[in-house]
Amino acid sequence: MRVLRVALDVPVAKLFDYLIDDATPAASGDRVVVPFGARQRVGVVVEVADASAIAVSRLKPVVRVLEDAPRLSASWFEQMRFLSSYYQRPLGETVAGALPVRLRSLKPLPKRRKTAAGATADAAHQFAASHDPNPAQAHAIEQIGAALGSFRSFLLHGITGSGKTEVYLRLIAQVLSKGMQALVLVPEIGLTPQLEARFRRAFPDTRIAVLHSALEETARTHAWLDAARGEAPIILGTRLAVLTPLPRLGIVVVDEEHDASFKQQEGLRYSGRDAAVLRAKLAGCPVVLGTATPSLETWFNCRAGRYESLTLPERAAPGARLPTVRTVDLRIESAEHGFAKPVLDAIRARLARGEQSLVFINRRGYAPVLSCEACGWAAGCARCSAHMVVHATAERGRAPGAGSLHCHHCGARQKVPRECPTCGNVDLRPLGRGTQRVEETLAAQFPQARILRIDRDSTRKRTELARTLEGIGRGEGDILVGTQLLAKGHDFPKLTLVCVLNADSALLSTDYRSAERLFATLAQVGGRCGRREQPGEVLVQTRYPGHPLFQALIRHDYAGFAESQLAERESAGFPPFVHEAALRAEATRLEAAMAFLRAAARLLEVPDAIQVYDPVPHVITRRAGVERAQLLLQSASRPALQDFLRLWSAALPASTSSGVRWHLDVDPIEFD
Ligand code: ADP
Ligand code: ZN
Ligand code: ZN
């Protein structure tokens with residue numbers, strides 16, 4: 001008899017021992033069915049041992065060893081162990097969270113797919129190149145290409161449209177020709193079918209495993225198995241793809257590495273970007289972090305010599321230049337329905353020339369607030385400390401009164417009330433504007449124009465979004481109105497104007513990361529225009545035209561902006577100069593959450609190297625009926641912080657015992 005030490009999906013930091021007879025082969029990385037309580041569960045063998053700390057008579061035998069998927073490798077376990085320890089989450093939950101649901105269920109795996117005709121794992125790759133690299137691209141390809149076979153971290157700092165994707169494709173072709181796999185990570189929202197199509201065009205005969213959270217379970221399982229069996233040479237996915245076992249990993253690419261969606265906000269709260277660097281290190285291959293606006297963490301790592309920086313300073317397409325960026329001073333120009341006259345004039349000029357314009361406003365719905373001017377009442381969500389957002393009904397032109405109120409935090413919906421619940425006033429007004437209202441205004445201003453609104457409400461399905469974006473790429477739509485969804489990665493040849501409506505709200509935010517994010521967003525969305533011969537123009541409406549952020553944007557001076565931000569962060573003692581972790585508590589009463597955090601802060605003696613701040617309620621304190629508070633820890637020493645977090649999380653009471661649920665967020669990036 002041997003003892004299998006098994007990781008199970010339970011919230012305790014321990015492994016579970018089971019017996020297995022000597023005749024049954026089993027090794028670390030095997031999935032096994034084991035009895036657990038009254039049920040059976042699928043777990044993963046972490047270790048095979050001769051003995052257990054528990055009396056053999058009390059151990060139960062394994063039900064069976066599953067052989068329908070490849071055994072999980074030692075290097076994959078090393079990744080899981082690291083993530084489990086770094087992000088303070090039990091190994092069992094970490095491992096379970098990394099596997100598609102089907103691999104941890106008792107249901108048999110879906111039948112193996114037939115290889116699609118032509119799409120193979122190992123036939124000669126006919127890489128279909130579309131351009132000869134320009135000198136900057138060639139230099140990047142040469143430098144990174146020379147690093148294949150060993151771990152090195154590169155920042156590919158290329159302005160929008162500089163041909164970063166072409167660099168990835170060429171490097172991937174090299175990796176594939178060596179019989180190895182390429183892992184490409186893209187932001188949640190950025191996994192546009194456009195990019196997928198580009199990869200398929202470049203590698204027409206190669207199987208590409210696409211992995212993201214919106215896939216239905218069978219498709220995700222197939223893609224995962226294709227990757228894990230080594231049958232898909234290219235793995236293209238969102239952050240979760242970094243957790244896939246890959247037997248022959250030869251390169252890792254993280255596109256738009258600055259994007260906040262690489263950070264997982266529940267369960268294992270990992271940074272997909274940092275996990276990608278770790279993954280490359282474990283696999284002994286290079287990692288390429290590509291972006292026009294590096295995260296300050298990555299910029300700092302370059303400065304410290306940990307990452308090597310390669311630059312693509314110019315647009316790649318013949319004749320294409322970066323757009324001209326201008327501010328429109330809202331203190332001088334009066335804005336009608338949210339649009340200053342120069343902005344409307346610029347749109348009119350594009351319409352006359354048959355070019356496309358994009359109006360960017362980072363807020364969906366009709367208006368962010370519904371209020372009563374008689375008594376000051378505003379529609380709030382019953383379950384969240386937030387306003388309800390007014391949404392118009394689908395048909396354009398109908399009064400907003402015919403619409404509904406949505407909570408963007410918990411999803412609650414209700415009808416627009418007929419009258420103010422406080423004073424009975426029937427004249428309730430939507431205040432401010434979102435994409436729907438902007439669309440309405442533009443329709444009234446430009447009745448002949450074809451207006452396309454792109455946000456999460458207008459395009460619920462990925463395929464629908466894909467079709468719309470393709471259409472825009474072919475020139476459909478005169479004016480595009482949209483949120484972040486329109487900002488990322490797209491290539492719209494006829495787009496020559498980008499108008500930004502409400503940038504100022506981010507300037508006034510208390511979150512020290514908001515400037516970094518605003519700069520990145522504006523550079524991204526601005527980067528959608530002028531990608532061919534016709535020059536592009538970006539107009540930013542603001543009451544603060546002299547703000548250094550806008551001045552840097554006008555000069556296309558990312559480096560200057562980054563350095564000034566880093567100087568501010570250093571003097572204020574913020575990341576990346578210190579490391580942070582947040583302990584967050586949730587309870588039905590705020591006082592219970594606060595009391596838990598106060599007690600937690602006193603639980604252990606805190607080493608000098610670590611600073612523990614007072615607990616504070618979240619900005620949006622109540623969400624979906626739950627009160628939330630957090631306390632922040634900072635340290636200049638990552639190991640000191642890690643050591644303390646390990647002791648602390650072991651000492652904190654189990655989430656369920658006091659009615660307070662808690663979690664740790666290491667390297668947190670959201671504080672709302
Ligand atoms: P990025 O990923 O940096 O935004 P892309 O790779 O999408 O840039 O390239 C932008 C545009 O330039 C695309 O239309 C692409 O086909 C074109 N392009 C890329 N490299 C070259 C090149 N070497 N010569 C000509 N056009 C190029
Ligand atoms: Zn009222
Ligand atoms: Zn709500």
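Predicted model: local features only at pLDDT ≥ 70, side-chain atom pairs only at ≥ 80, totals over all residues.
D491 uses a polar side-chain atom instead, which lies 3.4 Å from an oxygen atom of the ligand. On its own, ligand 1 has 560 Å² of accessible area, and the protein covers 86% of that. Such areas come from the Shrake-Rupley method with a 1.4 Å probe, and for residues only the protein chains shown count as cover.

Around the ligand there are 18 residues, of which H131, D132, Q137, T165 and R198 come nearest. To count as near, a residue needs one of its heavy atoms within 4 Å of the molecule or strand in question. Helix α4, residues 164-177, gives the most to this shell, with three residues. Helices (H or I, at least four residues) and strands (E, at least two) are DSSP runs, numbered from the N terminus. The space that ligand 1 takes is the second largest pocket. Here a 1 Å grid is laid over the protein atoms alone: a cavity is a set of points where a 1.4 Å probe fits but cannot get out, a pocket is an open set with protein on both sides within 12 Å along at least five of seven lines, and lining residues have an atom within 4 Å of a point. A molecule sits in one of these if more than half of its atoms lie within 2 Å of its grid points.

Strand β2, residues 16-20, is mostly covered, with five of its five residues buried. Buried means under 20% relative accessible area, exposed over 50%, and partly exposed in between (1.4 Å probe, protein chains only). In a regular strand the side chains alternate between the two faces of the sheet. In β2, F16, Y18 and I20 point one way while D17 and L19 point the other way, and all are buried. Strand β1, residues 2-7, pairs with β2 in the antiparallel sense over five bridges; two strands pair if DSSP finds at least two bridges between them. Across this pairing, R5 stands opposite D17.

Another covered strand is β26, residues 579-587, where eight of the nine residues are buried. One antiparallel partner is β29, residues 626-635, joined to β26 over nine bridges; there, R628 is the bridge partner of E586. The other pairing to look at is with β30, residues 661-666, again antiparallel, over six bridges. In β30, D665 is the bridge partner of A582.

In the loop between α16 and β26 you will find P576, which a cis peptide bond joins to P575, with omega about 5 degrees. A624 sits in the loop between β28 (616-623) and β29, and has a positive phi of about 50 degrees although it is not a glycine. Because its relative accessibility is 32%, A624 counts as partly exposed. H337, in the loop between β14 (335-336) and β15 (339-340), also has a positive phi, near 50 degrees. Its relative accessibility is 52%, so H337 counts as exposed.

Finally, is A386 buried or exposed? With a relative accessible area of 16%, A386 is buried. This residue belongs to the loop between β17 (369-372) and β18 (389-391), and its C-alpha lies 7.6 Å from that of C407, 21 residues apart in sequence.

Technical notes
Residues numbered from 1 in each chain as written. Chains lettered and ligands numbered in written order. Heavy atoms only, no water. Polar contact = N/O pair within 3.5 Å; in protein donor to acceptor, adjacent residues only side chain to side chain.
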